[in-house]
Amino acid sequence: FLMERKTHVKINRKEVILAKLRKSCSCTPQKLKNFVMDFFPVLRWLPKYQCKEYIWGDVMSGLVIGIILVPQAIAYSLLAGLKPIYSLYTSFFANIIYFLMGTSRHVSVGIFSLISLMVGQVVDRELLLAGFDLNDDAPSPLGDGSLRNDSLSNTTAFNLTIAGINAECGKECYAIGIATALTFVAGVYQVLMGIFRLGFVSMYLSESVLDGFATGASLTILTAQVKYLIGIKIPRSQGHGMLVITWINIFRNISQANLCDVITSAICIVVLVTAKELGDRYKHKLKFPLPTELVVIVVATLVSHYGKLNEVYASSVSGAIPTGFIPPKAPEFNLMLRVAVDALPLAIVSFVFTVSLSEMFAKKYAYTIRANQEMFAVGFCNIIPSFFHSFATSAALAKTLVKTSTGCQTQISGVISAMIVLLVLLFLAPLFYSLQKCVLACIIIVSLRGALRKFRDVPARYHVNKVDTLVWVVTMSASALVSTEIGLLVGIVFSMLCIVVRTQRPRTALLGQIQDTSFYEDDLEYENLSIIPKVKIFRFEAPLYYANRNYFLKSLYRLTNLDPNLEAARRKKYEKKEKQHLKKGNHRTANGLGIGETTLQLVPKQIDFQALVIDCSSISFLDTTGVNTLKEILKDYKNLNISVLLACCNPSVIDSLKRGGYFGRDFGCMREMLFYSIHNAVLFAKDQK
């Protein structure tokens, strides 16, 4: 039977687009109100805030995250190649802006190690191109609360009149200029992606690509911190192969290791790892996580200050951190042009991590987020702070997990965290002058535990899916051994190639009938299947398009043990010879055989089927090449008196076949060529003479 298709009313796309434009461009008070409420979600949920129920959890989680943020912000400044004050600015502004614009109740947006690394790589590259010395550890005189550049802060001066910047700008000024320009452009990209609804770009970053990218970047972060751990001064490697070059330099200069830094690092790592392991083991009994990083920083700062580790043992310290805020300044347009390409992967990674975490916790706690609004939120978390000497931000998994475990209910907790950072900015920052850089490096390295533990999951990942494991390994290797941006690009391209290869060489099978049923399955995978006499059932588990056309034909000919083109050519060859011998009046062939015997030789092996059923249930679409391939099969097998029947085609495949003329001009043969189940096709084939 042939089912009747519904008649769909043809939609006038032009009218639809015009109607949407009229609706979008119209401005009414209600529409304006909805736009403002949607753009600032805080206006919707804050008036409904249940103070008695939520306030304790929000305050507690805000305090804990604020305490964690301060040491992490100071530590991650090493990754970004900037002074700690800029990390504190970033943490403060990001929390405030996301509170106003974010739709997730739980994610913690702020400084993130992976984003800091990407920013730091661009900053280092531009500093080198400008002629600055990356290894100058001389502290700049910032104790007066200002950020004026002094000749002592870097011996290299850079004339920036070409770039439109004050010629007196030194290394630190130029570094933060690059970071803010990069951050601004990344934020603009994210806002544009939100306007044009390009959030689908995140779909091309699979879980394997993201995990591999994060793990490879973690290896790069770990490598960059080793020199601080052991207190050696080596060039900061740039460009491709940074990880290998850095390790070579480390082993070349290992004899110059600072014993004080080595001992301090060993003690800090033992304390931090032990506290983390105990916290993970007894997290259900603890009301809030142990503030281990803060305790380590306070104790280490006191020991360094009163032990005069910088003066006596030449241990590298953080230096002066000014208090207060620097006057805002617009990012330089000419610097934006230099980093426009670098900002694109930064924008995508920042957005993807934020949205994926938001969706994960929204699903866990049964509420919804708006991905497009998240794009705007994270975009403005980059654009606005870039005017206040801040750099790029993203949601961070570790801090988000801490927020939820300490009772966070809304983004009020983010405001509390911002107040803690503000307290440090206004009053407490100078107290961290004597903090050793090796302590900050220890905090960074211990925070990478989660990403580095992915190596333990490789066997389980391989057992689940070998292709995904290969994508993870390739992305991780490229991110670590080449560069983070190239690694991300390689991961995306390689994962797409894996999909293409899967469709180019998909599974194919001949099907047999499950006994006493109307169902059919792969006869190589299942026992006790019945072979249908005179009928071959072929399954192709992929779309049929130009890239896998040849594989489709080869698989069909191999499994059916019959190439219709070769068989037709063989028959024509022998028929031609027979005609030549008959014209000569010789009733015996060139081989000395009679005509009857020759007939047997024309077909060396008897064709054991008269109908070919193609199971199209896994063919999601056909392109022009796919349609022509099926038409070619139909014609070739028809020449051998073998009928070709299609089963289980979806409507889009049927439409493609109709448009391609597979069923003829009037579709009169559709009932004899197209079936809605394999069993119907088999019954029809059995009834044929």
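In this predicted model, the crossing of helix 4 and helix 15 is right-handed. Helix 15 covers residues 397-405, and its axis comes within 8 Å of that of helix 4. The two axes cross at roughly 155°. This angle is over 145 degrees, and helix 4 and helix 15 are therefore roughly antiparallel to each other. On the helix 4 side, the contact involves Ser61, Val64, Ile65, Ile68, Leu69 and Gln72. These residues meet Lys399, Val402 and Lys403 in helix 15. By class, five residues of the contact of helix 4 with helix 15 are nonpolar, two are polar and two are charged.

Helix 4 also packs against helix 16. Helix 4 spans residues 51-80 and helix 16 spans residues 412-428. Their axes come within 7 Å and cross at roughly 40°. That angle makes helix 4 oblique to helix 16. The crossing is right-handed. Helix 4 contributes Asp58, Val59, Ser61, Gly62, Leu63, Ile65, Gly66, Ile67, Leu69 and Val70 to the contact. Helix 16 contributes Ile412, Ser413, Ile416, Ser417, Ile420, Val421 and Val424. The contact of helix 4 with helix 16 holds eleven nonpolar residues, five polar residues and one charged residue. Ser61, Ile65 and Leu69 of helix 4 are among the residues that touch helix 16; Ser61, Ile65 and Leu69 also meet helix 15.

A further pair is formed by helix 8 and helix 21. Helix 8 comprises residues 207-230, and helix 21 comprises residues 484-504. They pack at an angle of about 155°, with their axes 10 Å apart. Helix 8 and helix 21 are therefore roughly antiparallel to each other. Helix 8 passes helix 21 in a right-handed crossing. Val209, Phe213 and Ala217 make the contact from helix 8. Thr484, Leu488, Gly491, Ile492 and Ser495 make it from helix 21. Five residues of this contact are nonpolar, three are polar and none is charged.

An unreviewed UniProt entry lists residues 54-76, 96-119, 173-192, 212-230, 335-355, 376-398, 410-428 and 472-501 under "transmembrane region". In the model, residues 54-76 are 100% helix and 0% strand. The end C-alpha atoms of residues 54-76 lie 31 Å apart. Residues 410-428 are 89% helix and 0% strand. For residues 410-428, the end C-alpha atoms are 27 Å apart.

At the level of the chain, the domain assignment gives domain 1 and domain 2. Domain 1 is made up of residues 52-133, 171-232 and 243-501. Domain 2 is made up of residues 508-570 and 606-687. Taken over C-alpha atoms, the centres of domain 1 and domain 2 are separated by 55 Å.

Terms used: Residues are numbered from 1 along each chain as its sequence is written. This is a predicted model: local features need pLDDT of at least 70, side-chain atom pairs count only at pLDDT 80 or more; totals for chains, interfaces and linings use all residues. Side-chain values use heavy atoms; hydrogens and water are left out. UniProt positions are given in the numbering used here, feature names are shortened, and annotations may be inferred rather than shown by experiment. Helices (H or I, at least four residues) and strands (E, at least two) are DSSP runs, numbered from the N terminus. Axes are lines fitted to C-alpha atoms, for helices over the stretch in contact, and angles run from 0 to 180 degrees between N-to-C directions. Angles under 35 degrees count as roughly parallel, over 145 as roughly antiparallel, 65 to 115 as roughly perpendicular and the rest as oblique. A crossing is left-handed if the near helix is turned anticlockwise from the far one by less than a right angle, and right-handed if clockwise. Contact means heavy atoms within 4.5 Å. Ala, Val, Leu, Ile, Met, Phe, Trp, Tyr, Cys and Pro count as nonpolar, Asp, Glu, Lys and Arg as charged, and the others, Gly among them, as polar. Domain bounds come from an automatic or database domain assignment.
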